[in-house]
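Trainee: I have the structure open and would like to go through a few places in it with you. Could you take my questions one at a time?

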Amino acid sequence: MSATRIGQRLVRQSRRSPITTFRLTQSIRPNGVSRAFSVTAQVNAPRFVDLQSSIKLQDHELFSRRHIGSESSEQAEMLKVLDPPVNSMEEFLEQTIPPQDRLGKPALRLALQTREQHIRREKATSNICTAQALLANMSAFYAVYHGPKGLKTIAEDIWSKTRLAQNLILEKGEFKLHTEGLREDGAVLFDTVTLKGSPEAIAKVHKNAESQNINLRRVAEDKVGFSLHEGVTLESLGNLVKAFGVSEAEFKSALESDKATFLNDQIPASLQRKTGYLEQPVFNQYHTETELLRYIYHLQSKDVSLVHSMIPLGSCTMKLNATTEMLPVSDPGINNIHPFAPVEQASGYQALISSLAKNLSEITGMDATTLQPNSGAQGEFAGLRCIKAYHEARDGDKRKVCLIPVSAHGTNPASAAMAGMKVVTVKCDGKTGNLDIEDLKAKCAKHADELAAIMVTYPSTFGVFEPEIKQVCDLVHEHGGLVYMDGANMNAQIGLCSPGDIGADVCHLNLHKTFCIPHGGGGPGVGPIAVKKHLAPYLPGHPEIDPQRIGAERDSTAVAPISAAPWGSASILPISHTYILMMGGDGLTKQTGTALLNANYIMSRLLPHYKVVYTNANGRCAHEFILDVRPFKETAGVEVADIAKRLADYGFHSPTMSFPVSGTLMIEPTESESRAELDRFCDALIQIRQEIADVESGKVPRKNNLLTNAPHPQEDLLSSEWDRPYTREEAAYPLPWLREKKMWPSVGRVDDAYGDTNLFCTCPPVEGSENL
């Protein structure tokens, strides 16, 4: 089809809002904060020092008071509730941190246990925290909103614009197609065109494009490429072809001509789709913003989130994601720039990345940081590859053994296996949860010539600070290995200690946990790694640009990229950057102490009713603890899943189940929760313990009670028949505050065993899907 015919078609169908590819340079300056905030962390001097900013302390306090859930006066009272009680936060921290520191209704169940790390360890394929499910849902809503007809219209729009540009350029005779499509004339069939010409002509095109603020793909000296999308306006399209020598008059002529109509057979018949697609009802009924918003909020009403109650998931750090931190992500200078845009067009990003990396290095006591990894597990993989490259440069490839304590974070074994290392497990004390030093000594001696690293989590996934952590580091170093510290629990360290001062050579951080990037729904996330200077040359590189930009000596030492983009998920970095700047050093230190206090407060309130698996010698936990509910299986026939499902009747998301200890609940409240919310959660678990006691005493039967029938959705409670040994009121309103603030479960109990053995891995068939 000629450019004239396609142009006429585009004039009739043009309807998109203008999104151009203009130059985007954005400086990041959160309100009231314009300078980088620099911090220094030391074990014996637990403070952050502001080296540059002239911001007054009260400015940081204003934000930190809103981020941290409890006031200082409340914390003083909470300290007295601890078991045993203490008089001050300082005394509490000394004791906590070692000086060294069921209805027939259709329902879908997410079944992941065949791949999760607590089941498969080194054979696990990923972690759920940053599984990118949130981004997948965004794409799904795009398809829901446009539907099959809308998506086809968009595709035709893109196709038409691309063909117009392609044909206008080819008609000039100076360029030829580099990649030919399957049509007889060789036309490329969708959104991308690659052209070839003389190096001089290609250089001129780039120069012309730059004058129009357009970035073209530099394929080679004699090749250039571009891709179009539905947001490209006719004005932008005209500027694009102008760079290739097409005059404005020629472009307008192609648009205004009425000599031809658009032909529907331009895509070869053999390639045209004959089958239907997106036929499920959800893709065919929400095509206005009003309807889509109602649908989104309808789905949202089914989910327990932080807008309803605390999310006590252990090892997840579900803290506040403040609105102020989220605002920059909506700025076009942040979200509308290509990850491979020339760095000179992204000076704001460069300043942000440099400042954030510097602050993270100082927080961790390290010398260099890369922001490239997209998740904590990816950070682990990157850190281990750096360690492996370091050893290979000195001892060849013989050092491949990676020691991993059973108390380490769940993804560690899989990351080590992916990095080509041999996993050797180190025992932990069954009573304290602490690493077995004698077993570590034996393993170090046995594998002295092949020891590459140890992976430790501090505080451990058992919820305690390892008292001999420095000795652990020293032992491994003495035997030629390096120390990888998993930063999944960094929320318990900031300002009080740091991985670098403890003795780690590399650590990763979860910006989507400790540093406030929201990861509910499964990502996205950022898992930076911070390293000591001897590992800095090995930080991941990139073929387009060295993300570390520290000199040519890295050309032969940097490990291959861990992410497709040089700086990973850069568009969400402003969240953590803003959080650090607004909290300030004292605010960050205070949040750590509050997180520790909140966990110990809940533990102390629950100790008269439940057992806790691990504490330190002072009876303290770190920022999380493991509640032992295993005895109830024998005494009442109640299992951990029953308690988790009953918590839904109280409006709470379950704590982490059966990880790291099977049959237990791991609880992490974070610093963002108020004492009132902590008490509400404690009251719920204490009431559940009484419900278990009623089963133990024989007051209610073991197989028909509030827990084994939980949760209780409205449909269940409104049924005409009720043959249960408890009232509807006891099921729905076990505590008084639920009458005013009740988050109703959407479905009744799902048969977990049935769900695990009857997997449904794709969209349901059209028939009956309207019931889901």
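Trainee: Where is Met138 placed?

Mentor: Met138 sits in helix H6, residues 133-171, helices being DSSP runs (H or I) of at least four residues, numbered from the N terminus. This is a predicted model, in which local features need pLDDT of at least 70 and side-chain atom pairs count only at pLDDT 80 or more, while totals for chains, interfaces and linings use all residues. Residues are numbered from 1 along each chain as its sequence is written, and side-chain values use heavy atoms, with hydrogens and water left out.

Trainee: Is Met138 buried or exposed?

Mentor: Met138 is exposed, because its relative accessible area is 54% (buried means under 20%, exposed over 50%, partly exposed in between, with a 1.4 Å probe and protein chains only).

Trainee: Changing topic, how many salt bridges are there in the whole structure?

Mentor: A search of the whole structure finds 22, each being a side-chain nitrogen of Lys or Arg within 4 Å of a carboxyl oxygen of Asp or Glu. One of them joins the side chains of Arg605 and Asp679, at 3.0 Å from N to O.

Trainee: Which parts does that pair tie together?

Mentor: Arg605 lies in helix H19 (residues 573-606) and Asp679 in helix H22, so the pair ties together parts 74 residues apart in sequence. Asp679 counts as buried, at 18% relative accessibility.

Trainee: And which residues are linked in a network of salt bridges?

Mentor: That network links Glu77, Arg605, Arg675, Asp679 and Asp683.

Terms used. Helices (H or I, at least four residues) and strands (E, at least two) are DSSP runs, numbered from the N terminus.
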